[in-house]
Amino acid sequence: MNNIAYFEIQASEPAKLAEFYKTAFGWEFKRDELVPIEYYRTQGGSGIFGAILKRPTETPAIGTGTNAYVCSVQVENFDETAKKILDQGGIVAMEKFAVPGRCWQGYFLDIDHNTFGIFQADENAK
């Protein structure tokens with residue numbers, strides 16, 4: 001109990017952002033027509049349940065910081081995943097760094113300026 005079990009990512013263009021995360025991580029999303037706003041739910045394979053929804057306000061300006069939980073995705077290869085993110089227009093928010101004895105970590109902004117992290121487990125990271 002008390003584990004994060006669901007995520008929601010706000011987006012100006014939810015369908016476009018769903019494609020971003022599909023390319024970066026292989027996540028599949030499907031529009032849920034029963035929800036009264038534009039809402040796309042994950043369709044298995046992500047390891048966690050979540051959704052992308054229509055942002056109710058303007059996208060925050062870059063450099064204003066984060067006003068939300070930031071989630072990090074465990075990936076098999078940090079550098080390959082970072083390339084996929086950057087090739088789609090993602091932006092480095094914090095360069096790759098070692099968490100000694102644990103992993104390689106870094107943070108990015110998606111194409112709608114949401115902050116997220118990726119990490120590659122590596123007990124030899126230093």
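This short talk covers the aromatic pairs and the cysteines of one predicted model.

Some ground rules. Residues are numbered from 1 along each chain as its sequence is written, and side-chain values use heavy atoms, without hydrogens and water. Because the model is predicted, local features need pLDDT of at least 70 and side-chain atom pairs count only at pLDDT 80 or more, while totals for chains, interfaces and linings use all residues.

Aromatic rings come first. Rings of Phe, Tyr and Trp (its six-membered ring) pair if their centres lie within 6.5 Å; planes under 30 degrees apart count as stacked, over 60 as edge-to-face and the rest as tilted. That rule gives 11 aromatic pairs. Phe25 and Trp27 make a tilted pair, because their ring centres are 5.1 Å apart and their planes stand at 35 degrees. Phe25 also pairs edge-to-face with Phe116, at 6.0 Å between centres and 85 degrees between planes. Phe25 belongs to helix H1 (residues 14-25) and Phe116 to strand S8 (residues 115-121), so this pair ties together parts 91 residues apart in sequence. Helices (H or I, at least four residues) and strands (E, at least two) are DSSP runs, numbered from the N terminus. Phe25 and Phe116 are both buried, meaning under 20% relative accessible area, where exposed is over 50% and partly exposed lies in between (1.4 Å probe, protein chains only).

Now the cysteines. Cys71 is partly exposed at 35% relative accessible area, whereas Cys103, at 9%, counts as buried.
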